[in-house]
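Let's take a friendly walk through the open spaces and the ring contacts of this protein. Have the model at hand and follow along.

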Amino acid sequence: MTTVSPARRREVIDALRRGAVPSAGLDLFAVGLDRFAAAIGDDLDSVAAGGSVFKAVRGEYGSGKTFFARWIAEQAKQANLAVAEVQISENETPLHKLETVYRRLSERLTTSTFPPSALRPIVDGWFYALEEDVLAAGQVIADDAGALDEAVETLLDQRLALVSRSAPAFAAALRGYRAAAARGDAATADAVLAWLGGQPHVAAAARRAAGVRGDLDHFAALSFLQGLLAVLRDSGHPGLLLVLDEVETLQRVRSDARDKALNALRQLIDEVHSGRFPGLYLVITGTPAFYDGPQGVQRLAPLAQRLAVDFSTDPRFDNPRAVQIRLPGFTVDSLVELGGRVRDLYADGSAVPERVYGLVDDGYLGELARAIAGGLGGKVGVAPRLFLKKLVGEVLDRVDQFPEFNPRQHYALTLSSAEMTDVERNATSADEISLEL
């Protein structure tokens with residue numbers, strides 16, 4: 001196994017113990033994703049070179065769509081791209097309100113160096129890069145603050161010329177932020193940066209100071225995204241991976257809002273393919289019902305045409321380069337492989353690795369996988385989260401801490417509805433299932 005730092009191992013194990021997808025370290029147990037690696041790598045290379053890519057990810061509930069998206073995100077960060085993962089929801093982030101999507105993007109913007117929200121360090125890094133470019137040109141000297149500011153303003157206008165045609169307020173807000181920061185007015189600088197990130201209800205005085213007014217609207221959001229990509233590029237980040245997760249929630253909203261959201265998605269895809277967003281890698285995730293059902297993509301014929309891929313063929317020969325890709329889902333064998341990787345990671349940090357390997361062997365992993373799948377009505381595809389949660393929190397932790405503990409003798413798997421997600425709960429009709437291993 002690849003050498004893993006104690007901090008990274010702890011972060012991954014702690015997340016699995018909680019039943020959550022780790023925010024990092026997913027390459028350590030990415031089972032079944034090798035087939036996508038080359039195509040995703042090519043996409044990231046294209047984005048880093050100034051291209052733009054759209055990809056739709058298809059998978060049943062529990063098939064690992066969020067895991068897959070975060071696996072791509074890790075690779076994007078390794079390529080120095082910025083990353084933002086946005087959960088689409090009816091109330092918090094409706095897709096038909098692109099200004100809200102942009103606001104969530106700015107709130108969750110992250111890089112390999114900075115956690116969310118990385119908007120401020122990215123903007124500060126951009127201004128530093130502008131100053132360095134001005135000084136490198138040799139036309140002004142660092143000691144002449146007035147000339148340097150003027151030259152930076154000119155370069156700012158040049159770099160954002162294309163964006164300013166449709167959203168002049170983006171450049172104005174950047175100037176206002178820099179001016180407020182330079183005079184030590186932290187409150188105004190914070191407020192202007194918040195407005196630049198799409199936050200509503202920013203104080204009118206701060207907006208006046210920056211020469212902007214009103215709140216970001218649906219139509220300006222795409223231009224602000226265009227501006228953000230330009231800032232990222234000039235501050236050392238060649239692109240942005242934007243993940244719109246759980247897009248299938250559109251099926252549950254009012255029909256008018258659903259139609260607007262589907263059209264907004266169609267518009268986004270067209271803009272990506274038109275080259276308007278150089279450096280953008282847009283990924284959406286959804287269930288087969290969303291892509292194929294009457295309340296999803298099929299409701300808007302132009303969108304259905306753009307996402308159409310024939311999945312009636314042998315899954316072994318799915319094209320990873322297609323605009324829409326499907327995740328294979330889990331089997332008992334792949335659950336055992338996944339469990340083995342987690343066990344190996346756990347044992348690598350254990351004081352008694354021989355006990356971990358001896359008591360939690362592949363045979364036991366198979367027993368646990370089949371028991372959990374049985375408790376979920378045989379639906380292996382929705383089992384990975386609970387499987388890993390039980391494996392870490394109720395088996396490996398006990399093997400590691402108690403010398404007398406033997407999972408085959410002292411542990412009976414119990415699945416309670418209280419610990420399940422809605423999808424897991426729907427897979428079984430029993431409130432509580434006790435299964436002897």
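Predicted model: local features only at pLDDT ≥ 70, side-chain atom pairs only at ≥ 80, totals over all residues.

The space inside the largest pocket comes to about 1,100 Å³. Its lining is made up of 44 residues, and V21, G62, S63, G64 and K65 are the closest to the centre. Which elements give two or more residues to this lining? They are α3 (65–78), α15 (332–348), α18 (384–401) and α20 (422–426). Of these, α3 gives the most, with five residues.

The second largest pocket has a volume of about 540 Å³. Here 23 residues form the lining, and S23, A73, K77, V83 and T110 lie nearest the centre. Two or more lining residues come from each of α3 and β2 (82–87). Helix α3 again has the largest share, this time with six residues. By class, the lining of the second largest pocket divides into nine nonpolar, seven polar and seven charged residues.

**The aromatic pairs**

Now to the rings. Across the whole structure, seven aromatic pairs are found. Two of them are set out here.

| Pair | Centre to centre | Angle between planes | Geometry |
|---|---|---|---|
| F68 and W71 | 5.6 Å | 35° | tilted |
| W195 and F224 | 5.7 Å | 70° | edge-to-face |

The pair of F68 and W71 belongs to helix α3, where the two residues are three apart and therefore separated by about one helical turn. Both F68 and W71 are buried.

What does the pair of W195 and F224 tie together? W195 lies in helix α9 (residues 186–196) and F224 in helix α11 (residues 218–234), so this pair joins parts that are 29 residues apart in sequence. Are these two residues buried or exposed? W195 is buried, with a relative accessible area of 4%, and F224 is buried as well, at 2%.

One more ring contact deserves a look. The charged end of R35 sits over the ring of F36, at 5.7 Å from the ring centre.

Definitions and conventions:
Residues numbered from 1 in each chain as written. Heavy atoms only, no water. 1 Å grid on protein atoms, 1.4 Å probe; cavity = no way out; pocket = protein on both sides within 12 Å on 5 of 7 lines; lining within 4 Å. Points joined across faces, edges and corners; volume = space filled by probe spheres on them. Helix = DSSP H or I, 4+ residues; strand = E, 2+ residues; numbered from the N terminus. Nonpolar A, V, L, I, M, F, W, Y, C, P; charged D, E, K, R; others polar. Phe/Tyr/Trp six-rings, centres within 6.5 Å; stacked < 30°, edge-to-face > 60°. Buried < 20%, exposed > 50% of the residue type's maximum accessible area, 1.4 Å probe, protein only. Lys NZ or Arg CZ within 6 Å of the ring centre and 35° of its normal.
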